[in-house]
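I opened my notebook today to look a protein over, going from its overall layout to a few side chains. Here is the model I had on screen.

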Amino acid sequence: LESNPLLEAFGNAKTRRNDNSSRFGKYTQLQFDQGDKGMRAFADKSTVKCKLAGSKCDVYLLEKNRVTYHDTEERTYHIFYQLIAADDATKASIWPKLKGTTNESFAYVGKAP
């Protein structure tokens with residue numbers, strides 16, 4: 001759950017209908033422990049036969065094309081705007097060529113929001 005704000009920066013974008021529209025999906029797989037298989041045959045039908053042992057969550061982008069194309073009234077993923085809005089020292093620490101850039105420096109990002 002603590003990763004959601006980070007994932008939303010990478011997977012949310014402004015669309016015509018919504019300023020913060022989710023453009024990613026999540027698939028959660030629950031994993032269960034069935035305990036001692038030999039004793040299961042003797043277990044009462046009203047008792048729980050397995051316990052939640054863990055889970056696995058896969059996150060994926062629904063719109064990969066949004067990275068390279070979006071309508072003029074829309075924006076690409078929020079993370080690009082957040083990186084560009086950082087101060088030059090932070091940008092340089094991420095990638096030296098980001099220093100001194102603005103939204104207009106990138107063809108796929110476009111004008112400032």
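My entries follow, from the fold down to single residues.

**Entry 1, the model.** I note first that this is a predicted model, so everything below is computed from it.

I counted the elements and found four helices and four strands. Which order do they take along the sequence? I read off α-β-β-β-α-β-α-α.

I looked up how much of the chain is covered: 21% of the 113 residues count as buried. Then I turned to contacts between residues at least 6 apart in sequence, and 51% of them join residues at least 24 apart.

For the accessible surface I got about 8600 Å². Carbon and sulfur atoms hold 55% of that area.

Which residues make the nonpolar surface patch of about 350 Å²? I found Tyr-27, Tyr-60 and Leu-62 there. I followed up on Tyr-60, which belongs to strand S4, residues 51-61. Is Tyr-60 buried, exposed or partly exposed? Its relative accessible area is 42%, so Tyr-60 counts as partly exposed, since that class lies between 20% and 50%. The value also clears the cut-off of over 30% that patch residues need.

**Entry 6, rings.** I searched the whole structure for aromatic pairs, and the count came back as zero. A ring did turn up in another kind of contact: the charged end of Arg-75 sits over Tyr-81, 3.9 Å from the centre of its ring.

Conventions
Residues numbered from 1 in each chain as written. Predicted model: local features only at pLDDT ≥ 70, side-chain atom pairs only at ≥ 80, totals over all residues. Heavy atoms only, no water. Helix = DSSP H or I, 4+ residues; strand = E, 2+ residues; numbered from the N terminus. Buried < 20%, exposed > 50% of the residue type's maximum accessible area, 1.4 Å probe, protein only. Contact = heavy atoms within 4.5 Å. Areas by Shrake-Rupley, 256 points an atom, 1.4 Å probe, with all protein chains shown as cover. Patch = residues over 30% accessible without salt bridge, like charges linked within 9 Å, V, L, I, M, F, W, Y side chains within 5 Å. Salt bridge = Lys/Arg side-chain N within 4 Å of Asp/Glu carboxyl O. Phe/Tyr/Trp six-rings, centres within 6.5 Å; stacked < 30°, edge-to-face > 60°. Lys NZ or Arg CZ within 6 Å of the ring centre and 35° of its normal.
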